[in-house]
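Dear colleague,

I am passing on the structure we talked about, and I would be grateful if you could look through it alongside the notes below.

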Amino acid sequence: MTGPRISAVLITRDEAPRIEASLAALRFCDEVVVVDSESTDGTAALAAAAGARVVTRPWPDDFADQRNFADAQATGDWCFAVDPDEEVSEALAAEIRRFVADPGPYVGMSFVRRERIFGRWIDGGGWGTQRKLRLYRRGAGRWTGRVHEKMVVDGPVAHAAEPLVHRSYDRVETFVDKFNRYSTIDARLDFETGRRFSWWALATQPVERAFGRFVLHGGYRDGAHGLVLALLVGLNYLLRHLKLWEMEYRARHPEARP
């Protein structure tokens, strides 16, 4: 391809069921870089066979750190950060190519993420309004945030018309597994930065978050799916507070440490 080069950049761990389809949709990019966190299901081999340049790096327990490392492996003019559970349509690929050919003053592009969860497209609960900055000039910014990371760039950002489809949560089990890991990272960050456990926060915040998702952000529009998702978000905050309580308890009682 002529013109500015695009590097698709992925961080992976045990993504064998979907890595091949994900990489196939990224053929419009000039290179694909996969930083794999020591997968045990053959993800790295499948990615290499599909033409990606694979770098193995142990998981640092920090999403931003892993993404910044991955960006450093890229050689293109632009980085396109995409996850294996996200789908890039032909229309979106064409929009991205047109943008990088003539970006004007923009140093990045954000995308609305269209969510399909538990077998249904989700419109309410704040899920359908998320914009993710995923395309950016290499070196124009950095990822921040140990979990729920985001790219921060120095300059204006354009907004894509085509959505980025997200199919991360196919079952309740998948949702719980992922947010169990996220709540652990969040609780550890709370502990390390001096935030202290509160019984009041434990009793109120999970309810507030669930209520906010279902009522204030319109999760009720998705019916039972919206209610289940709101309750699961509340569960995530419940786990975060309980894990913070456990960390504080073990810090005060060395004999209780595993």
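Helices (H or I, at least four residues) and strands (E, at least two) are taken here as DSSP runs, numbered from the N terminus. Please bear in mind that this is a predicted model, in which local features need pLDDT of at least 70 and side-chain atom pairs count only at pLDDT 80 or more, while totals for chains, interfaces and linings use all residues. Residues are numbered from 1 along each chain as its sequence is written, and side-chain values use heavy atoms, with hydrogens and water left out.

I begin with a pair of helices. The axes of helix H6 (residues 199-216) and helix H7 (residues 223-252) come within 8 Å and cross at roughly 160 degrees, the axes being lines fitted to C-alpha atoms over the stretch in contact and the angles running from 0 to 180 degrees between N-to-C directions. H6 is therefore roughly antiparallel to H7, a term used for angles over 145 degrees. Among the residues that make the contact (heavy atoms within 4.5 Å) are Trp-199, Arg-209 and Arg-213 of H6, together with Gly-223, Tyr-237 and Trp-245 of H7. The residues of this contact divide into 14 nonpolar, five polar and two charged, where Ala, Val, Leu, Ile, Met, Phe, Trp, Tyr, Cys and Pro count as nonpolar, Asp, Glu, Lys and Arg as charged, and the others, Gly among them, as polar.

Arg-213, which is found in helix H6, counts as partly exposed because its relative accessibility is 26%; buried means under 20% relative accessible area, exposed over 50%, and partly exposed in between (1.4 Å probe, protein chains only). Leaving aside residues up to four places away in sequence, Arg-213 touches several others, including Gly-125, Trp-127, Ala-230 and Val-233.

Glu-31, by contrast, is buried, with a relative accessible area of 13%, and has its place in strand S2 (residues 31-36). The side chains of Glu-31 and Arg-53 are joined by a polar contact of 3.2 Å, that is, a pair of N or O atoms within 3.5 Å, of which, within protein, one must be able to donate a hydrogen and the other to accept it, and residues adjacent in sequence count only if both atoms are side-chain atoms.

Finally, Phe-99 lies in helix H4 (residues 90-101) and is buried, at 8% relative accessible area. Not counting residues up to four places away in sequence, Phe-99 touches Trp-78, Tyr-106, Gly-108, Met-109, Leu-135 and Ala-158.

Key: Angles under 35 degrees count as roughly parallel, over 145 as roughly antiparallel, 65 to 115 as roughly perpendicular and the rest as oblique.
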